[in-house]
Amino acid sequence: KVYLQKNANNSSEVNSTISITNSKIMGFVNFSNIIFDKSVDFSGTLFSSDSRFENALFNENCSFVNTQFYGSTDFLDAQFNRSANFSNARFHSLAVFNLAKFGMNADFINICFYKDSSFEGAQFNENVGFNYAQFYGNASFQGTNFLKDVDFGHVTFYKEVKGDFWFLVKYVFLVKYYNAILAVISLILIFTYVLYLVARRRLFR
């Protein structure tokens, strides 16, 4: 059972645990302005149409592991006060996390965005992982704040990526050309060492 009640701000508040796993949700879903006081688990669930979580507040852990979103998905200005896990999730349409706030660790490991995705103005207060994530559409991280460690290891961007200069350098350019950069550095070190040996041999003749 799910219990809803109105708070002083006239927002709907859920005081019970939400667990809808390995299910199929047909039709439009609107969780905008909902306060989730207990844990939320949509692991393995398929959202067949648009999903709205605008200005939603998650006060406990939430899980969208292996969740499939076939309609556009909007987490605009959502707030995650505990851990948020989107590992292995699949977004088949537009995904928006603009201005979302993540208070604890966030996992987007092995996630796939098949269309455009946006994290503009989002804030990550703790560690966040995008390891092995795949962005098939345009991706925007303009104004995104990473206050702790962020891991973009083995991430793949197939189209345009927007972001602040240092974001593009650290998390796009260096990740994309990591192996090539290592190869160039190795060649430079080898070449430098060879020059050192030649110079030393000439010196002690």
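Author: In this predicted model, 10% of the contacts between residues at least 6 apart in sequence join residues at least 24 apart. The chain is built from two helices and 29 strands. Of its 205 residues, buried ones make up 40%. The chain exposes about 11,500 Å², and carbon and sulfur atoms supply 53% of that area.

Against this background, the aromatic rings may be considered. The chain contains 50 aromatic pairs. One of them joins Phe 53 and Phe 75, whose ring centres are 4.6 Å apart and whose planes meet at 5 degrees; planes under 30 degrees apart count as stacked, and therefore this pair is stacked. The two residues belong to distant parts of the chain, 22 residues apart. Phe 53 lies in the loop between β9 (51–52) and β10 (57–58), while Phe 75 lies in the loop between β13 (73–74) and β14 (79–80). Phe 53 has a relative accessibility of 0% and so counts as buried. Phe 75 is likewise buried, because its relative accessible area is 0%.

A second example is the pair formed by Phe 119 and Phe 130, which is edge-to-face. Here the distance from centre to centre is 5.6 Å, and the angle between the planes is 85 degrees. This pair, too, links distant parts of the chain, with eleven residues from one partner to the other. Phe 119 is placed in the loop between β21 (117–118) and β22 (123–124), and Phe 130 in the loop between β23 (128–129) and β24 (134–135). As to burial, Phe 119 counts as buried because its relative accessibility is 0%. Phe 130 has a relative accessibility of 0% and is therefore counted as buried as well.

These examples illustrate how such pairs are characterised: a pair of aromatic rings is described by the distance of the centres and the angle of the planes.

The structure holds zero disulfides; a disulfide is a covalent bond between the sulfur atoms of two cysteines. Among the cysteines, Cys 62 has a relative accessible area of 3% and is therefore buried, since the limit for burial is under 20%. Cys 112, at 4% relative accessibility, counts as buried for the corresponding reason.

Notes: Residues are numbered from 1 along each chain as its sequence is written. This is a predicted model: local features need pLDDT of at least 70, side-chain atom pairs count only at pLDDT 80 or more; totals for chains, interfaces and linings use all residues. Side-chain values use heavy atoms; hydrogens and water are left out. Helices (H or I, at least four residues) and strands (E, at least two) are DSSP runs, numbered from the N terminus. Buried means under 20% relative accessible area, exposed over 50%, partly exposed in between (1.4 Å probe, protein chains only). Contact means heavy atoms within 4.5 Å. Accessible areas come from the Shrake-Rupley method with a 1.4 Å probe; for residues, only the protein chains shown count as cover. Rings of Phe, Tyr and Trp (its six-membered ring) pair if their centres lie within 6.5 Å; planes under 30 degrees apart count as stacked, over 60 as edge-to-face and the rest as tilted. A disulfide is a pair of cysteine sulfur atoms within 2.5 Å.
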